[in-house]
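Here are a few notes to read alongside the model. Have it open and follow the points in turn.

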Amino acid sequence: MKTLASCVSKLTLLFLLLFAGPVVRAQAPAWQTAMLTDRSGGGYVINASVTDSDGNMYIAGSFGGTITLGNISITGIPGHSDAFVAKWSATTNDFVWASGGGSSGYDEATALAISGTSIYISGTFAGPTASFGTTTLVNAATPGNTIHGDVFIAKLIDNGTNASFVWAEQAGAAVNDVANAIAVQGANVYIAGGFYGSAPGTVTRFGSVLPTSGSYIIKLTESGTGSSFGWARQIEGTVQAMATAGQSLYVTGNYRNATITFDGTVLANSDAGRLRSSDVFVAKLQDAGSSGTFVWAQRAGGLGYDEVAAMAVNGSSIYLTGYFISSASFGSTQLMSAGLQEVFVAKLVDAGSSAAFAWAQRAGGIDIDVSNAIAVKGRDLLIAGTFSSTAAFAGPGSLTSTGSNDVFVAKLLDEGTTASFIWAQQAGGPDIERANVIAVTGAQIWVAGATTVPANFGSIGLAASNKGPNVMLPFWASLTDITLLGKTTALRPESLSIFPNPAHGRATVQLPAVAGTATLTILDALGRAVRTQTATGSQTELNLRGLAPGLYAVRVATGGTSATQRLVVE
């Protein structure tokens, strides 16, 4: 028999779990979709993704033959692989358009950025010539020699139901040139990557003569339907990611030299021995028009190999993720590894002319655990990667691999001077799986990577009858976290209250002090609208009859703004 004390205890526990504050842990959301994208059968590989302010997602990568995205098909140039970019609509939950370009060689888009309706992609093409719309780029390799990869940068305009190439540029020389990152700031486009080989000072690359090999940051400036090279900066390390926020440009990567110099700032490697391991750098660059100058630079790491894989920026907060070995310092925070490679997530705060680490968190176990991607939405951070054996995420607990390596996705909450893991989820099979890309659209979290088959994403099994057990196949999967819905709203969430909460049968909603009619929508745990009603005045009653017990979100929209609060139905 259910007692009053037991009811009160359960209600109290639910209240504490849902509303106790930033250290709350939550059950990991379940996988909602998962699919294989078999490249040899005309499939594609996703290397980069980005979302716009409306929740639409853009993806870029490589494809072979003919691929079909939703109801849209594109065919590549006969040869090996081509670059592509596509738009997925948050309104229709389907692809809107897709465009491809490239050469008869191995081509791929490795970086993606958007600014309004302008879309920018960068990558490598290895054929003699490459076509992007009506623009043809010529590889810098001399005739008769082996064709090396050159960098391409291209711009498209999103016309709503289709996209068109506006311009494309080639960068590089008769050596291997790669692009790892792209960022946009007004009419300025920045590309970062690496170049290798050739004699120093003899070849013009990227609009400037640069030494033999290393990493670069280059600037292009748009003008009408074209662009021109501005300046180029060499970096001694390896650039992995780049981002802009306002007028600030940030770059991060790894270095193995004894020191690395960013204009007036010199960073030392933690390992002063003969065989130096890698440390992490992050730097801020100021564009002075005809030149670029570094404002500050920070390092992180220890005696082992420590490498950053991805970066996300939100205002003055810079988030890094990757892996570290043994121990690594992030400012005053020291992380200790429990095994070989462990995941790190760190926050750096830009103070203008300087920066400092605010916190760093670790996750993993005694084997190899690596974070490859990061996305930020408000105070929420999403990371994705691969783990082996057992990986511990402080708070949610441990994940146990079902094979050699499994995919993981985890959510953290930035609490200012510290951060907490909220949940962690996994997917995989008996062999190797990894996640390379993560993006957030509304309440949906999209993950892309590679997997062997068979593999399970929760209750969704992936298999390919024509493939062996050790063949890596690209996958695309999603899960839903409705607590992400209220992170980018214009109304103040605290101005919206629901009581009682938890509720049974009905609940009262205290509306924000706004004029006009408000639309109230109840969303289930998958982010689907299950009930909608309108209201005027300061209070209205929600009819909860017929709703299954569980966690819901109540979204109030009025005057072009909205706010969301969680609701438990018993």
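**Notes on the predicted model**

1. Start with the largest nonpolar core, which has 24 residues; those touching the most other members are Trp-31, Val-409, Ile-438, Ile-445, Val-447 and Phe-457. A nonpolar core here is a set of buried Ala, Val, Leu, Ile, Met, Phe, Trp, Tyr and Cys residues joined through side-chain atoms within 4.5 Å. Buried means under 20% relative accessible area, exposed over 50%, and partly exposed in between (1.4 Å probe, protein chains only). Apart from this core lies another one of 22 residues, including Val-282, Ile-318, Phe-357 and Ala-360.

2. A word on the ground rules: this is a predicted model, with local features needing pLDDT of at least 70 and side-chain atom pairs counting only at pLDDT 80 or more, while totals for chains, interfaces and linings use all residues. Residues are numbered from 1 along each chain as its sequence is written, and side-chain values use heavy atoms, with hydrogens and water left out.

3. Back to Ile-445. Leaving aside neighbours within four places in sequence, Ile-445 is in contact (heavy atoms within 4.5 Å) with Leu-382, Val-409, Trp-423, Ile-438, Ala-439, Ala-477, Ser-478, Leu-479, Asp-481 and Leu-484.

4. Now find Gln-361, in strand 29, residues 355-363 (strands are DSSP runs of E, at least two residues, numbered from the N terminus). Is Gln-361 buried or exposed? Gln-361 is buried, at a relative accessible area of 18%. A polar atom of the Gln-361 side chain sits 2.7 Å from the backbone oxygen of Ala-419. Setting aside neighbours within four places in sequence, the contacts of Gln-361 include Leu-335, Val-343, Phe-344, Leu-412 and Phe-421.

5. Compare that with Gln-334, which lies in strand 28, residues 333-350. Gln-334 is partly exposed, with a relative accessible area of 47%. Beyond neighbours within four places in sequence, Gln-334 is in contact with Ser-327, Ala-328 and Ser-329. Gln-334 and Ala-360 are 26 residues apart along the chain, and their C-alpha atoms are separated by 8.1 Å.

6. Last, have a look at the open sheet of four strands, in the order 14-15-18-19 with antiparallel pairing. Strand 14 (176-185) and strand 19 (226-235) are at the edges with a single partner strand each, so one side of each has no neighbour in the sheet. Strand 14 pairs with strand 15 (residues 188-196) in the antiparallel sense over nine bridges; two strands pair if DSSP finds at least two bridges between them. Ala-179, for example, has Gly-193 in strand 15 as its bridge partner.

How values were computed:
Polar contact = N/O pair within 3.5 Å; in protein donor to acceptor, adjacent residues only side chain to side chain.
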